[in-house]
Amino acid sequence: MEQQYSGLTKIGFAVLAFNSALAIRHSWGDAASVAFVLAADAALVALFLCLREFEQARDGAGRGRIKSAAWTLTTLLTVMFASRVAPLMPPLVGNLVWAMAVATAAAGFWAFFLNNP
């Protein structure tokens, strides 16, 4: 079955690709920054695909695996961005950035796995 993507989804991917190309161009010569952009893009695309699969999944076990993957990807993105932002801040604010990242990951875990509606 061929999946159709909405116009808004296509625009979103185009904006992501354009923004990523600009970030890579701006960071050219800094391999760590280029790798960060590519890894973040890969995680975002994988998260999008997980969410699409979650919407289409029928059985509980399949939805549970997809929720695990989505939580892992969102936690990965949170840690990636915190690792880039925190060093730029004064130490107290950097610690706050990390505390917020941990709180976000923990709240996501609670919402996905411990809070059974």
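Tutor: Start with Phe112, which is found in helix α4 (residues 91-114). Keep in mind that this is a predicted model.

Student: Why is Phe112 called partly exposed?

Tutor: Its relative accessible area is 30%. Buried means under 20%, and exposed means over 50%. Phe112 has 30%, so the label is partly exposed.

Student: What does Phe112 touch, not counting residues up to four places away in sequence?

Tutor: Phe112 touches Lys67, Ala70 and Trp71. A contact needs heavy atoms within 4.5 Å. The C-alpha atoms of Phe112 and Ser68 are separated by 8.1 Å, and these two residues are 44 apart along the chain.

Student: Which residues does Ala70 contact, leaving aside its neighbours within four places in sequence?

Tutor: Ala70 is in contact with Leu47, Cys50 and Phe112. Ala70, Leu47 and Cys50 are also listed in the largest nonpolar core.

Student: What makes that set a nonpolar core?

Tutor: The residues must be buried, be of the listed nonpolar kinds, and be joined through side-chain atoms within 4.5 Å. The largest such core has eleven residues: Phe36, Ala40, Ala43, Leu47, Cys50, Ala57, Ile66, Ala70, Leu73, Leu77 and Met80. Helices α2 (31-56) and α3 (60-85) are the elements that give two or more residues to this core.

Student: Now Ser20. Why is Ser20 called buried?

Tutor: Ser20 has a relative accessible area of 8%. The cut-off for buried is under 20%. The value of 8% falls under that cut-off, so Ser20 is buried.

Student: Where is Ser20, and what does it touch beyond four places in sequence?

Tutor: Ser20 has its place in helix α1 (residues 7-26). Ser20 touches Val37 and Asp41, with residues up to four places away not counted.

Student: How do you know that the side chain of Ser20 makes a polar contact with Leu16?

Tutor: A polar atom of the Ser20 side chain lies 2.8 Å from the backbone oxygen of Leu16. The limit for a polar contact is 3.5 Å. At 2.8 Å the pair is within the limit, so it counts as a polar contact.

Student: What is the secondary structure of the whole protein chain?

Tutor: Four helices and zero strands. From the N terminus on, the order is α-α-α-α.

Student: How much of the protein chain is buried?

Tutor: Buried residues make up 24% of the 117 residues. The chain exposes about 8,200 Å², and carbon and sulfur atoms supply 70% of it.

Terms used
Residues numbered from 1 in each chain as written. Predicted model: local features only at pLDDT ≥ 70, side-chain atom pairs only at ≥ 80, totals over all residues. Heavy atoms only, no water. Buried < 20%, exposed > 50% of the residue type's maximum accessible area, 1.4 Å probe, protein only. Areas by Shrake-Rupley, 256 points an atom, 1.4 Å probe, with all protein chains shown as cover. Polar contact = N/O pair within 3.5 Å; in protein donor to acceptor, adjacent residues only side chain to side chain.
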